[in-house]
Amino acid sequence: MSTRAVSIRTVTAEFAQELIDAAASKAVEIGVPMVISIVDHDGTLKAFRRMDGAPLLSVEIAQNKAYTAAAFGIGTDAWHEFIKEDEPLRLGIVHTDRLVTFGGGYPITVDGDLVGGIGVSGGHYSHDMQVAGGALEAVGLSVG
C-alpha cells in the first residue's frame, strides 16, 4: 500500500500570537519598537505586528526574515557565515527573492519538526536577534 498523503505539523494561530506577544514584550524591554512576523511551515504569514514607531521598511524585512528561516531551516544570521567564503554563492544567492542574510530570523522547531519561522526587524540586526531569540526562549524553544 502506498502513502498518498503526509501529515505536516505547522504553527497554530494561537501559538503564533503567543510568539508575537513574547517578542513585543522583549522589544518593549529593550526599548526598540519592532515589526514581528510569524510564518507557518511553508512561509505563509500567520501572525504579524508592527509596534508603534517601528520603521516602515521593517514591515517587508521582518516578513522576509521569517520566510527565509522557514524556507531554509536556519537562522538568517547563519547565512553570512555560510556564504562569506564562497564567492559564486555569495554573489548569486543574494538575487534569491525574499532571502535575508543578516540576523533577526529564526526557524521555529517543535519536537524536531520545523513548523514555521519568526522574523523581527526594527533595530540593528543584533537587537532583532535579541527580540526573536527572546520570544522563542519565552515559549520554551531554542534559538536556531
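Which side chains meet arginine 90 in a salt bridge? In this predicted model, the partner is glutamate 87, with a distance of 2.8 Å from N to O. Both residues belong to helix 4, where a spacing of 3 residues places them about one turn of the helix apart. Arginine 90 counts as partly exposed at 31% relative accessibility, and glutamate 87 likewise counts as partly exposed, at 41%.

Salt bridges also occur elsewhere in the model, a search of the whole structure finding 7. Side chains of opposite charge can pair when their charged atoms come close. Aspartate 113 forms a salt bridge with arginine 9, the closest N and O atoms lying 2.9 Å apart. Because aspartate 113 is part of strand 4 whereas arginine 9 is found in the segment before helix 1, this pair ties together parts of the chain that are 104 residues apart in sequence. Aspartate 113 is partly exposed, with a relative accessible area of 29%, and arginine 9 is also partly exposed, with a value of 38%. Through salt bridges that share partners, Arg9, Asp111 and Asp113 are joined into one network. A further salt bridge is formed between aspartate 128 and lysine 65, for which the closest N and O atoms are 2.8 Å apart. This pair links distant parts of the chain, since aspartate 128 lies in helix 5 and lysine 65 in helix 2, 63 residues apart. Here the two partners are buried: aspartate 128 has a relative accessibility of 2%, and lysine 65 has one of 0%, both values falling under the 20% limit for burial.

An open sheet is formed by 4 strands in the order 2-1-4-3, with antiparallel pairing. From one strand to the next, the twist averages 15°. Strand 1 (residues 35-40) is paired with strand 4 (residues 113-121) in the antiparallel sense over 6 bridges, and within this pairing isoleucine 36 stands opposite valine 120 of strand 4. Strand 3 and strand 4 also run antiparallel and are joined by 6 bridges, with isoleucine 108 opposite glycine 116 in strand 4. The hairpin of strand 3 and strand 4 has 2 residues between the strands, and in this hairpin aspartate 111 adopts a positive phi near 50°.

Helix 5 (residues 125-138) lies across strand 3 and strand 4, and runs at about 140° to strand 4. In helix 3 (residues 76-83), the buried residues are Thr76, Trp79 and Ile83. Viewed down the helix axis, these residues fall within an arc of 20°, so they line one face of helix 3. Their packing partners are helix 2 (57-72), helix 4 (87-93) and strand 3.

In soluble globular proteins, nonpolar side chains tend to be buried together. The largest nonpolar core of the model contains 27 residues, of which Phe15, Met34, Ile36, Ile38, Ile108 and Ile118 touch the most other members. At least two residues of this core are supplied by each of helix 1, strand 1, strand 3, strand 4 and helix 5, and helix 1 gives the most, with 8 residues. Leaving aside neighbours within four places in sequence, the contacts of methionine 34 include Val120, Ser121, His127, Asp128 and Val131.

Proline 33 is placed in the loop between helix 1 (13-30) and strand 1, and is partly exposed, with a relative accessible area of 28%. Residues up to four places away in sequence not being counted, proline 33 touches Met51, Asp52, Gly53, Ala54, Pro55 and Gly122. The C-alpha atoms of proline 33 and serine 121 are separated by 8.8 Å, although these two residues lie 88 residues apart along the chain. Met51, Ala54 and Gly122 are likewise among the contacts of methionine 34.

How values were computed:
Residues are numbered from 1 along each chain as its sequence is written. This is a predicted model: local features need pLDDT of at least 70, side-chain atom pairs count only at pLDDT 80 or more; totals for chains, interfaces and linings use all residues. Side-chain values use heavy atoms; hydrogens and water are left out. Two strands pair if DSSP finds at least two bridges between them. Axes are lines fitted to C-alpha atoms, for helices over the stretch in contact, and angles run from 0 to 180 degrees between N-to-C directions. Contact means heavy atoms within 4.5 Å. Buried means under 20% relative accessible area, exposed over 50%, partly exposed in between (1.4 Å probe, protein chains only). The arc is that of the directions from the helix axis to the C-beta atoms. A salt bridge is a side-chain nitrogen of Lys or Arg within 4 Å of a carboxyl oxygen of Asp or Glu. A nonpolar core is a set of buried Ala, Val, Leu, Ile, Met, Phe, Trp, Tyr and Cys residues joined through side-chain atoms within 4.5 Å.
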